[in-house]
Amino acid sequence: MSKRIGARTVELPGRPGILAWASVAGQKEQDGPYGAQFDVVIPDELNGEQSFEAAERSLLETAVKRCAQHAGCALSDVQMLLAGDLLNQIISAGFAARNLEIPFYGLYGACSTMSESLSIGSMLADGGFADRLICATCSHFCTAERQYRAPLELGNQRTPTAQWTVTGAGAVMLGAGPAARHAQVSVAQTTCGKVIDLGIADQNNMGAAMAPAAADTIAAHLQDTRRTFEDFDLVVTGDLGRLGRDLLIELLTQKGIAVREEKLFDCGCEIFGPQQDTHCGGSGCGCAASMLCAHILPQLAGGKLRRVLFLATGALLSPTSSMQGESIPGVAHAVVLEHREA
Amino acid sequence: MQSKARQKERQRYAQLVARLSPKSDIAQGLFRAFWVGGVICMLGQGINDVFCYGLHWGAQACATGTSITLIFLSALLTGIGVYDRIGKYAGAGSIVPITGFANSVVAPAMEFRREGLVMGVGAKLFTLAGPVLVYGISASIIVGLIAYAMEMI
């Protein structure tokens, strides 16, 4: 029996459960409006490590370990780890997996990694290929700056459309079968995103580069499932930022979709306060991941939110492609998260 | 090959992005750049005067001494994490003077220290200042050759 509905969406009849989650964040994120909700906050940018890269992978490790702890199981009980990050050759994920000793699939979806891993992970769980798996991702301001932009101490100005890479991580444990019986959140459907590029080449304007991909995936999902904005309590996007969110509303309206703006929650717009001078808001894999685990999932588990469309958005550029003048392709994968009575 | 329809879609989107994008405050940017840049230049003049009239150095020694002092101050401020804040406020005002050049050399030196002294600091030291050196020196050679040719005539 096919589990496909419509052109792009997969139904998950087994309703894989979300067993546990954990979020890790940095100091600037703690100073933001959701600062009190993160499970772990690191004391400084290095987190006791020798380099920012080592600090970033420690965020991921901490998130995964904390997640397993919340689920009350040992790391050895976790059958798969699906993780990725922004650094070249996804070293944060690979190196963290080396220490965690969980069988590992590395993913690259830039900042879309949280929903990409949830999308693939929920299909694996629903298919019976894993009873317990963890989806995780992380980002770090200092590593992203040096890879994509300029040395930290350089006295330059950021453009008005720039966003601030979140230092943070999130880990979500998915389960199926008896393990998931008591889960209060489940994954109902998932829609795979297409890579969309409307020609934005400015790497200081990621929101504009990613908004078309988000609009495309939302439109496809609504069409496949015959839903509207009314069917969701929230539509959560990853890190479009203020400009990207405005563009998304405009693009969806152009597609003839009735957008309920108050239901459109962008983690990038929310994670930092207006006084924190981040220009268009937060970005990075850790933005959607930490906000999902700190703010969205607890509300879903508590029943305050009943159904959420979660889609993290990624910009699939590299420093090389940008220097060669290429435009920036975007991608967004969607998962439907539902509250479940225990 | 891009289809016409796709090109049109991209054009329309570029217009939408331009319409919704937040804009830089040019008046504020100019004001800050000029006053900070001006102060740095006055500081340079002051240092120069101290060397010239206080210590009675020759003109060449004064100019070199002033550059060295400004570069040292900029490197120091970069090292203690102050120069990037000045740059964030002043923009071109603190990039254009010689202090900006010093900052652009010291910042990568600090950033890539962890990759080692050879392939880190050594290789990355001029990632930002390199283009200025390459084209600045190239231009000076060309101008020098033209001047030499003019003298021959």
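This is a predicted model: local features need pLDDT of at least 70, side-chain atom pairs count only at pLDDT 80 or more; totals for chains, interfaces and linings use all residues.
**Exercise 1. Describe the make-up of chain B and compare its radius of gyration with that of a compact globule.**

Solution. Begin with the secondary structure of chain B, which comes to 8 helices and 0 strands, so that the elements, read from the N terminus on, run α-α-α-α-α-α-α-α. Next take the extent of the chain: along the principal axes, the C-alpha atoms of chain B fill a box of roughly 70 × 50 × 40 Å. Then turn to the radius of gyration, which is 22 Å for chain B, whereas a compact globule of 153 residues would have a value near 15 Å. Finally, consider the division into domains, where domain 1 of chain B covers 26-98 and domain 2 covers 112-153, and where the C-alpha centres of these two domains lie 22 Å apart.

**Exercise 2. Decide how helices H3 and H6 of chain B are oriented to each other, and list the residues that make their contact.**

Solution. First find the two helices, H3 at residues 59-79 and H6 at residues 98-111 of chain B, which pack at an angle of about 45° with their axes 8 Å apart. Angles under 35 degrees would count as roughly parallel and those from 65 to 115 as roughly perpendicular, and H3(B) and H6(B) are therefore oblique to each other. The crossing of this pair is right-handed. On the side of H3(B), the contact is made by B:Ser67, B:Leu70, B:Ile71, B:Leu73, B:Ser74, B:Ala75, B:Thr78 and B:Gly79, and on the side of H6(B) by B:Ile98, B:Thr99, B:Ala102, B:Asn103, B:Val106 and B:Ala107. Sorted by class, the contact of H3(B) with H6(B) has 8 nonpolar, 6 polar and no charged residues.

**Exercise 3. Examine how helix H7 of chain A meets helix H1 of chain B, and then describe the side of chain B that touches chain A.**

Solution. Start with the helix pair: the axes of H7 (residues 241-254) of chain A and H1 (residues 4-20) of chain B come within 10 Å and cross at roughly 130°. An angle has to be over 145 degrees to count as roughly antiparallel, and H7(A) and H1(B) are therefore oblique to each other. H7(A) passes H1(B) in a right-handed crossing. The contact is made by A:Leu243, A:Asp246, A:Leu247 and A:Glu250 of H7(A), together with B:Leu16, B:Val17 and B:Leu20 of H1(B); these residues divide into 5 nonpolar, no polar and 2 charged.

Now widen the view to both chains, where 30 residues of chain B are in contact with 20 residues of chain A. The elements of chain B that give two or more residues to this side are H1, H4 (83-90), H5 (92-95) and H6. By class, the side of chain B that touches chain A has 13 nonpolar, 10 polar and 7 charged residues.

**Exercise 4. Work out how the two domains of chain A meet.**

Solution. First note the bounds, which place domain 1 of chain A at 16-178 and domain 2 at 183-339. The centres of these domains, taken over C-alpha atoms, are separated by 17 Å. Then consider the contact itself, in which 52 residues of domain 1 of chain A meet 54 residues of domain 2. Among the elements of domain 1 that give two or more residues to this side are strand S3 (17-25), helix H4 (113-126) and strand S9 (168-175) of chain A. To finish, sort the residues of that side of domain 1, which divide into 25 nonpolar, 21 polar and 6 charged.

Note on methods
Residues are numbered from 1 along each chain as its sequence is written. Chains are lettered from A and ligands numbered from 1 in the order in which they are written. Axes are lines fitted to C-alpha atoms, for helices over the stretch in contact, and angles run from 0 to 180 degrees between N-to-C directions. Helices (H or I, at least four residues) and strands (E, at least two) are DSSP runs, numbered from the N terminus. A crossing is left-handed if the near helix is turned anticlockwise from the far one by less than a right angle, and right-handed if clockwise. Two residues are in contact if their C-beta atoms, placed from the backbone, lie within 7 Å. Ala, Val, Leu, Ile, Met, Phe, Trp, Tyr, Cys and Pro count as nonpolar, Asp, Glu, Lys and Arg as charged, and the others, Gly among them, as polar. Domain bounds come from an automatic or database domain assignment. The radius of gyration is taken over C-alpha atoms; the globule rule is 2.2 Å times the number of residues to the power 0.38.
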